[in-house]
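Let's take a friendly walk through a structure, one piece at a time. Have a look at the picture first, and then read on.

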Amino acid sequence: MEDNNKNSRRKFLDKGLKLGLATAIGGIGLSKITSKLNAKTNNKSGDEMELMTTDGTLIQVDSSEVMEVKHSEDHDKKYNLREGIPNRKFVMVIDLAKCKNALKCQDVCNKHHYITGDHAWLKVYKMQEDEDTAPYWMPTTCMHCDHPACVTVCPVDATFKRRDGLVLIDNERCIGCRFCMAACPYSTRVFNWSEPDYGETSEITMNMEMKHEGHNSIEYTGMPSIVGTVDKCDFCPHTIKENKLPHCVTACPNGVFYFGDKYEDTVTNGEESVRLSKLLRDKDGYRLMEGLGTKPSVYYLPPVDRLVDFEDGIKDYKEFESVDKPE
Amino acid sequence: MKASEKLIKDLAPRKFNKAGVIWTWTLVIISVLGIIAYIDQVIKGQVVTNMNDYALWGIYISNFVFFVATSFVGTVTVAVLRLTKNAWRTPIVRIAEIISLASIIMAGITIMIDMGRPDRLLYLFIHGRMQSPIIWDVIIIPTYIVISLLLLYFPLLPDLAILKKHFKKTKPKLSKWYGKLSFNWTGSVAQKAIQSKSIQIIAILTIPAGFMLQTIDAWLFSTLFRVGWDSTNMGAYFISGASVAGIGALVTVVYVIQKAYKLEDYITDYHYDKLGKLLALTCLIYLYFNINEYLLPQLTSKKEEITHTNVLFTGEYAPLFWLVTIGGLIVPIILLLFKKGRKPLPMFLIGLLVVVGSWWKRYLIVTPTLLHPFLPIQGVPESWHHYFPSLHEWTITIGTLAMALLIITILVRYLPVIPIQRTADEQALLETEENKKS
């Protein structure tokens with residue numbers, strides 16, 4: 001009984017497979033025939049065309065056989081929000097010797113990212129390692145680590161690492177557990193504790209309506225901010241996509257920020273372009289908390305041979321405020 | 001026959017007296033207040049809490065860790081005492097199972113309170129990624145809830161059948177429910193064989209599940225870089241801490257139930273003495289891991305570590321730290337070493353101390369670490385340098401604690417808190433042994 005059953009099942013499978021195969025072959029054959037028929041219907045217009053093949057030889061073809069083909073969609077060339085811009089690796093160099101706490105970087109960042117919370121994405125720290133060493137100003141952005149601790153711990157893939165080096169947040173996905181904030185050793189992440197208070201008639205709201213009609217778009221990853229989700233410095237993907245520099249780089253009056261491509265080995269601060277490897281070698285570039293193994297994409301040049309006095313920055317230093325409240 | 005009737009009468013669930021009713025309604029009111037506060041938080045956003053970008057987790061998380069820890073009591077008492085064949089556990093196992101179930105259910109609920117976007121809860125299942133410790137929690141907590149439920153339910157089956165019979169005339173409706181829940185338990189040999197085998201399997205399963213639960217909870221912290229969390233000690237530290245919190249809670253609840261139901265014949269000084277020794281043992285183990293956790297960083301004196309330990313030893317959190325360490329751990333150990341310390345009333349007070357200490361201990365694990373990040377705190381409002389829970393946070397947290405007690409209260413009201421069948425079996429066994437002797 002059981003044997004019989006097995007046999008019949010086997011037969012059924014066998015027949016099914018054969019039938020499927022036959023159909024597939026038949027289908028392919030049919031489509032071939034129809035395409036040939038199609039080609040034959042408007043056969044021989046009499047016009048001959050000269051074309052060059054990819055290896056450089058000239059051939060003559062009847063013009064009726066020339067058809068327009070669609071470009072194959074090359075995944076490597078398509079801009080995909082989660083994949084990033086292909087074949088690029090964005091890095092930043094921050095020259096601490098030049099920073100005098102002008103805070104233009106922070107102002108422009110707050111403005112263009114519509115930051116309304118109490119914690120700016122870009123901060124300038126008043127640093128002093130030791131009593132015996134000189135104090136200096138240290139701007140920090142998101143480090144866009146190559147081993148990002150935040151991405152490792154995100155339970156829902158809301159924060160992700162792109163192939164072009166950027167670490168971004170999908171705030172339509174974020175569940176607000178703040179595990180990434182606890183994971184980040186650079187305290188770079190901020191949380192939208194309340195509904196972002198843009199103000200209805202403010203420039204921000206109007207800009208937002210014009211630019212992305214109130215929706216999140218690829219160019220403006222993670223914007224506008226959404227209550228209950230995490231935000232952070234995004235390396236301005238909306239400007240680098242248009243081959244422009246991030247806002248902080250262009251806004252800095254002292255040329256502190258250099259931005260560029262590690263693969264091209266060049267970075268620029270908008271005024272001068274330099275070799276990244278040479279710059280890091282000559283000026284002893286380093287990364288913050290290298291020992292943690294996070295592999296940041298942001299390099300620092302030590303605050304040596306200072307061109308400016310540390311004291312000059314004190315007047316702009318605000319211990320408790322990094323974001324101006326909208327009027 | 002008379003003895004068994006008395007037994008059933010003593011142990012069958014009874015209506016609450018006036019104090020019991022007031023207690024229950026108080027819990028209901030506190031729970032409802034908590035729910036109202038939570039709804040307000042959902043509407044306004046977590047701005048109603050005092051958390052900020054630095055103190056990004058607060059008492060929601062420490063309360064969650066406390067619940068997870070307390071739920072460990074099912075593992076330590078029921079499973080471990082069963083496998084080590086400690087017969088004295090009989091009158092307290094059911095209470096332990098009830099606490100375990102209530103705590104783990106509340107742990108699952110409290111962790112959701114901390115979410116910024118509770119509306120996206122399902123994303124954890126749709127987009128979950130195995131590399132995140134939160135997903136490990138998402139897997140282990142429901143697993144532990146199921147195991148705790150089964151661990152409570154399977155040994156209950158014969159008792160439910162007894163209660164069905166007992167309430168047949170007096171409360172037919174209730175009796176019907178007991179009957180349905182008892183799955184037609186008749187006490188036949190085949191049924192008993194299946195039951196005891198199932199209980200054995202679940203009891204053994206509870207141990208790895210409980211250890212995993214506590215360890216994952218510890219790894220939520222120790223997988224991060226922060227000073228005070230980045231410690232290899234964390235897993236064992238949390239497991240031993242959970243034993244302390246769980247047994248502390250058990251002692252307290254056992255005392256209250258014993259007094260409320262007048263169960264002095266069943267839960268005796270002997271049981272308190274044994275429980276006291278168990279609590280002392282777990283406290284000692286926990287103290288050992290505490291020393292590992294705090295003393296070694298102090299000795300190696302790494303700059304960041306020493307900032308952290310100084311905040312605890314002499315700084316902002318020193319009063320709380322020493323209160324928790326001395327009041328919640330060292331004093332109980334000393335008192336429990338004496339026989340007088342293991343009498344019912346002292347045990348109850350020690351249990352309370354341990355539970356309160358355990359709760360604040362979790363606060364000390366979560367909060368101070370967050371307030372000492374690697375880069376200095378600058379450019380944020382001054383209030384962000386500190387953290388103390390807001391009214392919303394307190395209301396919600398106390399609400400969750402009340403809910404846990406409410407679950408325990410309801411289960412105690414409708415279930416026999418001391419296993420009837422097993423007590424009867426053991427008494428019969430004792431009698432036959434005595435008969436043999438005489």
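## Chain A at a glance

Buried residues make up 35% of the 327 residues in chain A. Here a residue is buried if 20 or more other C-beta atoms lie within 10 Å of its own, exposed if 12 or fewer, and partly exposed in between, with C-beta atoms placed from the backbone. Please keep in mind that this is a predicted model: local features need pLDDT of at least 70, side-chain atom pairs count only at pLDDT 80 or more, and totals for chains, interfaces and linings use all residues. Residues are numbered from 1 along each chain as its sequence is written, while chains are lettered from A and ligands numbered from 1 in the order in which they are written.

Chain A has 9 helices and 13 strands. Both kinds of element are DSSP runs numbered from the N terminus, with helices being H or I of at least four residues and strands being E of at least two. If we take contacts in chain A between residues at least 6 apart in sequence, 61% join residues at least 24 apart. Two residues are in contact if their C-beta atoms, placed from the backbone, lie within 7 Å.

## Two residues to look up in chain A

H144(A) is not a glycine, yet it has a positive phi of about 40 degrees. You can find H144(A) in the loop between β5 (136-140) and α3 of chain A. H144(A) counts as buried because it has 26 C-beta neighbours inside 10 Å.

K295(A) is not a glycine either, and its phi is positive at about 50 degrees. This residue lies in the loop between α8 (276-282) and β13 (298-301) of chain A. With 13 other C-beta atoms within 10 Å, K295(A) is partly exposed.

## Chain B at a glance

What is the secondary structure of chain B? It comes to 17 helices and 0 strands. The radius of gyration of chain B is 23 Å, close to the 22 Å that the globule rule gives for 438 residues, so chain B is as compact as a globular protein of that length. That radius is taken over C-alpha atoms, and the globule rule is 2.2 Å times the number of residues to the power 0.38.

Along its principal axes, the C-alpha trace of chain B spans about 80 × 50 × 45 Å. Of its 438 residues, 45% count as buried.

## Where the chains meet

Between the two chains, 41 residues of chain A are in contact with 35 residues of chain B. On the chain A side, the elements that give two or more residues are β4 (123-127), α3 (149-153), α4 (179-183) and β8 (190-191). The most comes from α4(A), with 4 residues. By class, this side of chain A has 23 nonpolar, 8 polar and 10 charged residues. Ala, Val, Leu, Ile, Met, Phe, Trp, Tyr, Cys and Pro count as nonpolar, Asp, Glu, Lys and Arg as charged, and the others, Gly among them, as polar.

## The nonpolar core

A nonpolar core is a set of buried Ala, Val, Leu, Ile, Met, Phe, Trp, Tyr and Cys residues joined through C-beta atoms within 7 Å. Of the 175 residues in the largest one, F257(A), I95(B), I99(B) and L250(B) touch the most other members. Helix α11(B) gives the most to this core, with 16 residues. Leaving out residues up to four places away in sequence, I95(B) touches L250(B), V253(B), V254(B), I257(B) and V417(B).
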